[in-house]
Amino acid sequence: MAVNGCTASSRQLATRWFTATGALMSASSIRRRLLHRGLRARVPLYKIPLTANHRRLRLQWAHEHRTWQADWHQVVFSDESRFILWDHDGRIRGRRYAGERCLPECVIERHNCLTPGVMVWGAISCQRQSNLVRIEGNLNSNRYVREVLQPEVDPFLQVLHAAVFQQDNARPYVAKTARDFCSAQHMQLLPWPAYSPDMSPIGHVWDLVGRCLARDPRPAALKAELLLRIQAIWNSLPQADIQNLFNSMPRRIATLVAVRSGYTKY
């Protein structure tokens, strides 16, 4: 029952067991038995839903690029990410005495509106990373060209020899305005399958930045302060760690082929 319904709680399993067998078993006994069998409750892996067409295109892309080896070191991976204030995963626990549930120091406030945060764009290469660009409001194709491609991407690629630029399939990136600019600047673009953040190492860079922010015992109170911390972490990222992520590209593609373009650990 636990294997077939991996998200069922111990109480739910106890109820199902009683319905199926008529025998009572406590939730604590079930937890103890599952632990003995190696079945632990863990945070699930969240992934973007993949359609049959997404899988087909991902697998086709993987087969076309599985022979790439040294070429991945010529790619510039780019993406944007949002970091929010007062972030937690909903699993916070607090120690208190009975009757102290409603004390202000025992309450975690949540906000009904969109949590304030900072959206940033960045790019990484094997040699260095780009400047961070703060994205305010909705990013359309004109702003993408004016605020990202023209002042940041074009000079960044010119410094690198035979660089290939990667971006995902967000609407501002693939709009005609952006494509025309890239063509006029003779940018070499890497074809990219939709719904494939697991194939881009920059996602792990954003995760590293987020982990560094979470380790700071003094949470940022203002967006300007949060942005300064993000920039400081971004500028101090060890280049050796980024190179290791580039070296993982053949393994990522081999994994994607092995799982038939399904979900990967990346």
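Ser248 sits in the loop that separates helix 9 (239–247) from helix 10 (249–258), where helices (H or I, at least four residues) and strands (E, at least two) are DSSP runs numbered from the N terminus. The structure is a predicted model, in which local features need pLDDT of at least 70 and side-chain atom pairs count only at pLDDT 80 or more, while totals for chains, interfaces and linings use all residues. Residues are numbered from 1 along each chain as its sequence is written, and side-chain values use heavy atoms, with hydrogens and water left out.

With a relative accessible area of 4%, Ser248 is buried, a word that stands for under 20% relative accessible area, as against exposed for over 50% and partly exposed in between (1.4 Å probe, protein chains only). A polar atom of the Ser248 side chain lies 2.5 Å from the backbone oxygen of Leu245. Ser248 and Met199 are 49 residues apart in sequence, and their C-alpha atoms are 9.5 Å apart in space.

Just after helix 10, Arg260 has a positive phi of about 60°.

His65, found in helix 3, counts as buried at 6% relative accessibility, and, leaving aside residues up to four places away in sequence, His65 touches Trp72, Leu190 and Ile253. Asp198, in the loop between helix 6 (176–184) and helix 7, is buried at 5% relative accessibility, and its contacts beyond four places in sequence include Arg252 and Tyr266. The side chain of Asp198 also makes a polar contact with the side chain of Arg58 (3.0 Å); such a contact is a pair of N or O atoms within 3.5 Å, of which, within protein, one must be able to donate a hydrogen and the other to accept it, and residues adjacent in sequence count only if both atoms are side-chain atoms.

The largest nonpolar core has 36 residues, and those with the most contacts inside it include Trp72, Val120 and Ile230. A nonpolar core is a set of buried Ala, Val, Leu, Ile, Met, Phe, Trp, Tyr and Cys residues joined through side-chain atoms within 4.5 Å. Among the elements that give two or more residues to this core are helix 3 (52–65), strand 1 (75–84), strand 2 (117–124) and helix 10. Apart from it lies another core, of 21 residues, among them Val76 and Phe165.

The strands form an open sheet of four, in the order 3-2-1-4 with mixed pairing, and two strands pair if DSSP finds at least two bridges between them. Strand 3 (133–135) and strand 4 (164–166) are the edge strands, each pairing on one side only. Strand 1 and strand 4 run parallel and are joined by three bridges, and the bridge partner of Val76 in strand 4 is Phe165. Helix 4 (residues 141–159) packs on the sheet, touching strand 1, strand 2, strand 3 and strand 4. Helix 7 also packs on the sheet, touching strand 1 and strand 2.

Key
Contact = heavy atoms within 4.5 Å. Axes fitted to C-alpha atoms, helices over the stretch in contact; angles between N-to-C directions.
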